[in-house]
Amino acid sequence: MADCEFQNSLMAYSDGQLDEPSRAQVERHLQECPACAAELAQLRALSRNVGAVLAAQPGLSQIARHRLHAKLDSVMDDGILRAARFISAIAACVLAGCSIWLVRGHQLSPAPPPWVDVASQSDTSIASSDNTSPAAVWYLASATNRPDELP
Amino acid sequence: MSRNYTNEVQDVELATRAARGDARAFHDLVDRHADRLFRLAVSLLGNSTDAEDVVQETLIGAFRGLKGFEARSSFKTWITRILVLQAAQFRRRKRPMQSIPESQPTAKDQPAGSEAKLDVQAALLNLPPEHRQVIVLRELEQMTYEEIAQVLDIPQGTVESRLHRARTALREKLKAYLA
């Protein structure tokens, strides 16, 4: 048996892993080699016994299955919470960025037009006499509660 | 259309939906594979408590990695690979597994008997882990050599040589049942 050239093919044959030509070759050999036939019978008996014992093991119990689903639910919820936290963090960053931009934008606004200086002197006559823009007069009039002087 | 093919198509469809955030689809996938994965884990680790932990870790890992599943291998192969890796990590983390004391099988015992089952289980647990993996994937999962090679990420020739060594050791330990 140890010298039989088919010995190494018997396991693959028993497992159904040979291609068709090799399978046919082994089958022809088995008809004329009792040692290989006995070896094959042993391999098959081993597979049958081991396979039967492994397959007879019980599956997951109902309690364990319930525990498993509950755990997976908590993992999925964690994932959603993490995503929500991430989105909230991004939203907070955007809000903070906008706030900073608004504050800085206000501080860095360009110098006021000349009519604001004029208006700040609270004298509509100056504004009018200088032929300053009507906006300056309107601003001054409303600031000094003199609606009758509105242009 | 074979049943395996139909199952695979349904698995891929469920996995795709689960990857898009459909929790129900993932729970369905779990129900389809939990028993099989649990038996596989028990066979690799030798007890149901550790097996339950490993199945849980496997499914959590699978959920987190679903977007990485691109159906290049079958879903069954993919998730089995995760379980085998998790089981190996678990074994390394935990204390070295206590071997079940081997009883001496006698010829009058039949393989269907409970003593014979214990002997077969003991013989399996006494195999080196890499030999136990190939035997379990072959005899329990009925995987082809090619599928086993994919799951363990080893060459097909290595699968065959490990299977051969594992079976030689098992035959020696269980010869009373094989006569």
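Guide: Gladly! One term to begin with: contact means heavy atoms within 4.5 Å. This is a predicted model, in which local features need pLDDT of at least 70, side-chain atom pairs count only at pLDDT 80 or more, and totals for chains, interfaces and linings use all residues. Residues are numbered from 1 along each chain as its sequence is written, chains are lettered from A and ligands numbered from 1 in the order in which they are written, and side-chain values use heavy atoms, without hydrogens and water.

Visitor: Which residues in helix 2 of chain A meet helix 3 of chain A?
Guide: A:His29, A:Leu30 and A:Glu32 in helix 2 meet A:Pro34, A:Cys36, A:Ala37 and A:Leu40 in helix 3 of chain A. Helices here are DSSP runs (H or I, at least four residues), numbered from the N terminus.

Visitor: What makes helix 6 of chain B roughly perpendicular to helix 8 of chain B?
Guide: Helix 6 (residues 129-139) and helix 8 (residues 156-173) of chain B pack at about 95 degrees, with axes 9 Å apart. That angle makes the pair roughly perpendicular. By class, their contact has 6 nonpolar, 1 polar and 6 charged residues. Ala, Val, Leu, Ile, Met, Phe, Trp, Tyr, Cys and Pro count as nonpolar, Asp, Glu, Lys and Arg as charged, and the others, Gly among them, as polar.

Visitor: What lines the largest cavity?
Guide: A:Ala64, A:Arg67, A:Leu68, B:Glu52 and B:Gln56 line the largest cavity, which has a volume of about 30 Å³. On a 1 Å grid over the protein atoms alone, a cavity is a set of points where a 1.4 Å probe fits but cannot get out, a pocket is an open set with protein on both sides within 12 Å along at least five of seven lines, and lining residues have an atom within 4 Å of a point. Helix 4 of chain A gives the most to this lining, with 3 residues.

Visitor: Which classes of residue line the largest pocket?
Guide: Its lining has 1 nonpolar, 6 polar and 9 charged residues. The largest pocket has a volume of about 510 Å³, and helix 1 of chain B supplies the largest share of the lining, 5 residues.

Technical notes. Helix = DSSP H or I, 4+ residues; strand = E, 2+ residues; numbered from the N terminus. Axes fitted to C-alpha atoms, helices over the stretch in contact; angles between N-to-C directions. Parallel < 35°, antiparallel > 145°, perpendicular 65-115°, else oblique. Points joined across faces, edges and corners; volume = space filled by probe spheres on them.
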